[in-house]
Amino acid sequence: MTASSDSAAATAPVPSVFPAAPGGAAAGGAPRERLPGVFRLWLGGALVSMLGTSVMWFALGWSASAHGGLAAGLVLTAVNLPRFALLLVGGALGDRVGAWRVMVAGDLAMVVVSLGIASAAWRFGAPLWLLLVAGLLIGVVDAFHLPASGSMPRRLVGEAVLARAIALRQTGVQLTMFAGGALGGVLMARAGLSGVALMQVGTFSLMLGVLMGIRGRFAAERPAPSGGSVARDIGDGLRLAWRIRLLRVSLAVTAVAAGCLLPVVSLLVPLLARERGWSAQLAGVVVGSQALGIVAVSLAVLWRGGAGRPGMAAAVGLLLAGGSIAVLAVLAVAPVPGVVVAAALGVGAGNGLFGAHVAPLLLTAAPPSHLSRVQALVTMVQTGALLAMNPLLGAAAEHIPVAAVLGGCALAVAGTGGGALAS
């Protein structure tokens, strides 16, 4: 980043918290405008590579579970820790050399890593040392790849359809996660860890081909070195995020959502079902209903466009999610299946409404020179919140009723939404 771009970022007008969407009322008319073909092509490749990643996640977790619970936790931590530690470096590099170049390098690295995992698994099986090494390498590559990938919607579509682009990506991610677990189970049963790694070689090779196909879109992109160190670029990104009030508040709200909303279904609902003797069928329907709520809202945004005031819509999403979590907590003792499922749908709908509107805010508030660094901060905030809150909430559930833990999450999520709405 050049000195002139530093100056431009410093003197740019600071947006107010939760402003109207770019283009104002035109955002509501965005559904008439097609998403660019280059974005749809990139997203298709990204979702295919994400499918490979989802299958690998399942394979690593399943293989690690054979070594015991502690081993499984260590393998998952081996992925998350280097990712968390290196995200800011990855974001700074994406802004220095260009997101497209970083993604190409990341995909090449993932192909090499996956080939290594396939070869080692074919020879040695799935020993714990191999799973830990695989987790560490994948986490390192993710730290550089994720910030660049997260900035691509802003780079490939106009602001008028950015909310729809985010919604389409969100829908694709949810469907990919559904498919990843099922496909991972089939592949592990028939081909083992080596076969899963070879599948990941194929998915990332396809993504490489897509990136080569859209390289012309980035031919004019010539990111200039900042003239300073990577550490200086990281500091510049942190100062920007603190200086721009919209970024500062949106990141804080995102941290609360990641720490108190995401663990509700993945962690607390299974614990609640065990504690209260719910059937496995009811617990599964609750988890699936939450995902269905996310997809339903994402499809609505994709069809009709984002709200004219995205900050208000994001805050309302948190209020809806918080209220729905409270219903789950109240019904814990004597669940009414229909109401519990409706509450889970509400949690998912609120989550989807929040995600579909806060992401465009974060992308449009960041100047083009800082897109990867801001996306690195977003991912770091989410990862850090989950790393902190998952064990904290799990420990709390061992000492107090799970319904009380859910009530605390409901208060945190709804209170944050109310504060944002009143801001």
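1. A residue is called buried here when its relative accessible area is under 20%, exposed when that area is over 50%, and partly exposed in between, with a 1.4 Å probe and protein chains only. Gln 200 is buried by this rule, because its relative accessible area is 2%. The structure is a predicted model, in which local features need pLDDT of at least 70 and side-chain atom pairs count only at pLDDT 80 or more, while totals for chains, interfaces and linings use all residues. Residues are numbered from 1 along each chain as its sequence is written, and side-chain values use heavy atoms, with hydrogens and water left out.

2. On the overall make-up, the protein has 16 helices and zero strands, where helices (H or I, at least four residues) and strands (E, at least two) are DSSP runs numbered from the N terminus. Of its 423 residues, 52% count as buried. Contact means heavy atoms within 4.5 Å, and among contacts between residues at least 6 apart in sequence, 89% join residues at least 24 apart.

3. Gln 200 is placed in helix H8. With neighbours within four places in sequence left aside, Gln 200 is in contact with Gly 52, Thr 53, Met 56, Met 110 and Ser 114. Leu 51 is 149 residues from Gln 200 along the chain, yet the C-alpha atoms of these two residues are separated by 8.4 Å.

4. Helix H8 (residues 192-213) packs with helix H4 (residues 99-124) at an angle of about 160°, their axes being 8 Å apart. H4 is therefore roughly antiparallel to H8, and the crossing of the two is left-handed. For these terms, axes are lines fitted to C-alpha atoms, for helices over the stretch in contact, and angles run from 0 to 180 degrees between N-to-C directions. Angles under 35 degrees count as roughly parallel, over 145 as roughly antiparallel, 65 to 115 as roughly perpendicular, and the rest as oblique. A crossing is left-handed if the near helix is turned anticlockwise from the far one by less than a right angle, and right-handed if clockwise.

5. Which angle do helix H5 (residues 128-150) and helix H15 (residues 371-399) make where they pack? The angle is about 115°, with the axes 8 Å apart, so H5 is roughly perpendicular to H15. The crossing of H5 and H15 is right-handed, and the residues that meet are Leu 146, Pro 147, Ala 148 and Gly 150 in H5 and Ser 372, Gln 375, Ala 376 and Thr 379 in H15.

6. Gln 375, which is found in helix H15, deserves a separate remark. Gln 375 counts as buried because its relative accessibility is 12%. Residues up to four places away in sequence not being counted, Gln 375 touches Pro 147, Gly 150, Ser 151 and Leu 363.

7. Helix H10 (residues 245-260) and helix H14 (residues 337-365) pack at an angle of about 150°, with their axes 10 Å apart, so that H10 is roughly antiparallel to H14. The crossing of H10 and H14 is left-handed. H10 contributes Leu 246, Leu 247, Ser 250, Leu 251, Val 253, Thr 254 and Ala 257 to the contact, and H14 contributes Phe 354, Val 358, Leu 361, Leu 362 and Ala 365.

8. Turning to the rings, a search of the whole structure finds three aromatic pairs. In one of them, the ring centres of Phe 39 and Trp 42 are 5.9 Å apart and the planes lie at 40°, so the pair is tilted. Rings of Phe, Tyr and Trp (its six-membered ring) pair if their centres lie within 6.5 Å, and planes under 30 degrees apart count as stacked, over 60 as edge-to-face and the rest as tilted. Both residues lie in helix H2 (residues 37-65), three residues apart, about one turn of the helix. Phe 39 counts as buried at 0% relative accessibility, and Trp 42 is buried with a relative accessible area of 0%.

9. The rings of Phe 124 and Trp 129 have their centres 5.6 Å apart and their planes at 70°, so this pair is edge-to-face. Phe 124 is partly exposed, with a relative accessible area of 47%, and Trp 129 is partly exposed, with a relative accessible area of 46%.
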